[in-house]
Amino acid sequence: MDLLKYIVGPSVSLEEMLAEREWRAAEEMRQLETCAVLMVLSTNVAGPVKTFPLLRKGFEEARRLLETRLDQEGVSWSLRGVHCHDGGPTAFYAVETEAALAKRIACAVEETPGLGRLLDMDVLTAGGVKLERGQEGYPPRQCLLCGRPAFECGRSRRHSVEELQRETVRRLTEYFLSQYARQVEQAALRAMLYEVSVTPKPGLVDRRDSGAHRDMDFFTFVDSAAAIAPFFNRMCRLGYHSPRSNSVFCRELRTLGMDAEAAMYRATGGVNTHKGLIFSLGLLTAAAGQWFALTLEGTEEPLTAKALCGTEKILAQEFLPSLKRPSNTHGHAVCTKYQAEGIRAEAVSGFESVLREVLPCLRRECGTLEQRGMWALVRLMASVEDTNVLFRGGPSALQELARQASERLTSPPEDLEASLADWNATLCRQGISPGGCADLLAVGYFLYFLETLEQKNS
């Protein structure tokens, strides 16, 4: 990946930089006329381009970190101005605390892994006196590349501007990727836990019972979800580093999927709790990584469930031809016997059934997320060709499931929970478990959580 492509902005001449420094010094003295302690946040980048979109994103994150730390320490503060000049962004904060505490807070922000080295946090008192890091026990700033004192490398010009620029961008992208991949992992984990927690779910494992299953229970699913969640972080990262799918990417994604399955079986003692969901969420989390790569380039709109499924649809069309369907699975047997499409068709469609049946329910503002999940599950059962039901009961069982679900969709919402509990007893006796619908409900929760997180961050 060409990291220098992110550095797009106006070049600043030496004369312009000197003029900006003079302006900043004058502004600091002006601010100190009305406050005792002033904190000044700015960025520290090499080369003639001192501001570009990714750096501004890092600057805004630094502001959030600083303001959060001030609040945590109980320090009263006020923002005295944010200036985004060609010479780089700068923010001025007046703080009501001892200068030593302000400097410790500033140094803590400068020590933020990945991002902090790209920041300068000055603390000034009356007369423009600047506190030094050493006064609070912090070592001098280190070089971005070699770890030597930064002033030594700067004075000797030990490293080229391009080397320093690449390292700047690498740190920024890694910081935001790590943050985003954790959010994707957490959304996947929440989705799996929400799905199994929705109660009652006819024929399925929930908090009340094991449904039509005899080899698993609620805690089997919890153990499995905890074991496989970290793999979705890795799949997201893989997607980021492969914004355009290729054969190497497909092999690596398949390997991660197999590793996740192995972790699942270890956690459950050989029970298949989430194999189908590893497939579905694997594609979606890898697609989320691909989408994120585009956002850092500034070429993509804010994330929505529809946009992510569109990215996943393209990925699936490229990935699935290289993925042979295992011949020894129930899913393969059912798809061969009944000419059913199965989860692959869902993936290639961009999870149309989830966008159509699940997301509208979860986005409603009435009822709890659990109640909305119950309603979404019934809508799926009324419309989706669930290969688990086909395997356990054949076409007649699938038709009856759809009929029963359609009837319940016409019932008053307040009667749904009791109706599903009664239906659960019937499906348990028949040994019918709509596991495919449960997986799609989890996919819906995942998309919903990512989408709402994006709305909160925007």
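Start with strand β3, residues 88–96, which is mostly covered: eight of its nine residues are buried. Bear in mind as you look that this is a predicted model. What does β3 pair with? One partner is strand β2 (residues 76–85), which runs antiparallel to β3 and is joined to it over nine bridges. The two make a hairpin, with two residues between them. If you want a landmark on that side, find G81, which stands opposite F92 in β3. Another partner is strand β1, residues 37–43, also antiparallel to β3 and linked to it by six bridges. Here the landmark to look for is M39, which sits opposite Y93 in β3.

Now jump along the chain to a pair of helices. Helix α7 covers residues 247–268 and helix α9 covers residues 305–319; their axes come within 10 Å and cross at roughly 95°. Angles from 65 to 115 degrees count as roughly perpendicular, so that is the label for α7 and α9. Which residues do the touching? On the α7 side they are F249, C250, L253 and R254, and these meet L315, E318 and F319 from α9. Sorted by class, this contact has five nonpolar residues, two charged ones and no polar ones.

While you're there, look at S245, which is in the loop between α6 (218–241) and α7. S245 touches L315 and E318, and also Q290, leaving aside residues up to four places away in sequence. So far as the chain goes, S245 and I314 are 69 residues apart, yet their C-alpha atoms are separated by 9.0 Å.

As a rule, most residues other than glycine have a negative phi, and most peptide bonds are trans. With that in mind, check the bond joining T199 and P200: it is cis, with omega at about 0°. P200 belongs to the loop between α5 (161–197) and α6.

Are they buried or exposed? R157 has 72% relative accessibility, so it counts as exposed. F351, on the other hand, is buried, with a relative accessible area of 0%.

Finish with the aromatics. How many aromatic pairs turn up in the whole structure? A search finds eleven. One of them is Y175 with F176, an edge-to-face pair with 5.2 Å from centre to centre and 90° between the planes. Y175 counts as buried because its relative accessibility is 13%, and F176 is buried too, at 5%; the cut-off for buried is under 20%. Then find Y180, Y240, W291 and F292, which together form one aromatic cluster.

Notes
Residues numbered from 1 in each chain as written. Predicted model: local features only at pLDDT ≥ 70, side-chain atom pairs only at ≥ 80, totals over all residues. Heavy atoms only, no water. Axes fitted to C-alpha atoms, helices over the stretch in contact; angles between N-to-C directions. Helix = DSSP H or I, 4+ residues; strand = E, 2+ residues; numbered from the N terminus. Parallel < 35°, antiparallel > 145°, perpendicular 65-115°, else oblique. Contact = heavy atoms within 4.5 Å. Nonpolar A, V, L, I, M, F, W, Y, C, P; charged D, E, K, R; others polar. Buried < 20%, exposed > 50% of the residue type's maximum accessible area, 1.4 Å probe, protein only. Pairing = 2+ DSSP bridges. Phe/Tyr/Trp six-rings, centres within 6.5 Å; stacked < 30°, edge-to-face > 60°.
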